[in-house]
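Me: Could you show me how to read a few features of a protein model? I would like the general idea each time, and then the case at hand.

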Amino acid sequence: MITSYNLSFCKAEIHKDYVLTIMKEGITVMPKYNELLLMLADQYYQNKPFVYISNRIHSYSVDPAIHIEMAKITNLVGVAVISNDPWQKMQTELEKSFLKKEFKLFNSLPLALEWKNTIIDRYTQLQK
């Protein structure tokens with residue numbers, strides 16, 4: 001079952017082991033929006049590893065400082081960005097330097113989900 005939230009700044013879908021977001025056009029993603037991810041981690045992923053997937057189909061800005069806050073979520077094992085925009089490659093490289101977790105750019109959701117499975121499996125094996 002998928003739970004969806006339609007918020008003022010994004011649409012978020014909660015899946016078994018990942019959160020998929022689509023940010024609204026023209027916003028600036030700021031550290032205060034991390035409160036949503038903290039709430040979702042507490043409510044849906046308590047003591048379970050999960051991945052955050054951002055489907056960047058709209059144009060918006062990201063304050064890289066948000067990743068400093070995201071890094072504090074212990075069971076968040078990775079962040080995937082989905083985009084075909086060449087500018088996003090540069091943007092994700094900058095963002096990656098602020099997040100000390102797995103962080104990768106993909107061209108499609110299926111590729112991001114395959115990667116998500118790999119890093120969750122790796123994390124689970126390390127916890128045994």
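Me: Does Phe106 count as buried or exposed, and why?

Reply: Buried means under 20% relative accessible area, exposed over 50%, and partly exposed in between, with a 1.4 Å probe and protein chains only. Phe106 has 9% relative accessibility, so Phe106 counts as buried. Before we go on: this is a predicted model, where local features need pLDDT of at least 70 and side-chain atom pairs count only at pLDDT 80 or more, while totals for chains, interfaces and linings use all residues. Residues are numbered from 1 along each chain as its sequence is written, and side-chain values use heavy atoms, with hydrogens and water left out.

Me: How many aromatic pairs are there in the whole structure?

Reply: A pair of aromatic rings is described by the distance of the centres and the angle of the planes. Rings of Phe, Tyr and Trp (its six-membered ring) pair if their centres lie within 6.5 Å; planes under 30 degrees apart are stacked, over 60 edge-to-face, and the rest tilted. The search finds three pairs. One of them, Tyr45 with Phe50, is stacked, at 4.4 Å centre to centre and 10° between the planes. Tyr45 is buried because its relative accessibility is 0%, and Phe50 is buried at 0% too. Phe106 and Trp115 form a tilted pair, with 5.4 Å between centres and 50° between planes. Trp115, at 10% relative accessibility, is buried.

Me: Which residues of helix α1 are buried?

Reply: An α-helix has 3.6 residues a turn, so residues three or four places apart point the same way. Helices (H or I, at least four residues) and strands (E, at least two) are DSSP runs, numbered from the N terminus. In α1, residues 34-44, the buried ones are Asn34, Leu36, Leu37, Leu40 and Ala41. They cover an arc of only 150° around the axis, which puts them on the same side of α1; the arc is taken from the directions from the helix axis to the C-beta atoms. Glu35 and Asp42 are exposed on the other side.

Me: What is Asn55 in contact with?

Reply: Contact means heavy atoms within 4.5 Å. Asn55 lies in strand β5 and, at 18% relative accessibility, counts as buried. Leaving aside neighbours within four places in sequence, Asn55 touches Leu20, Thr21, Ile22 and Ile82.
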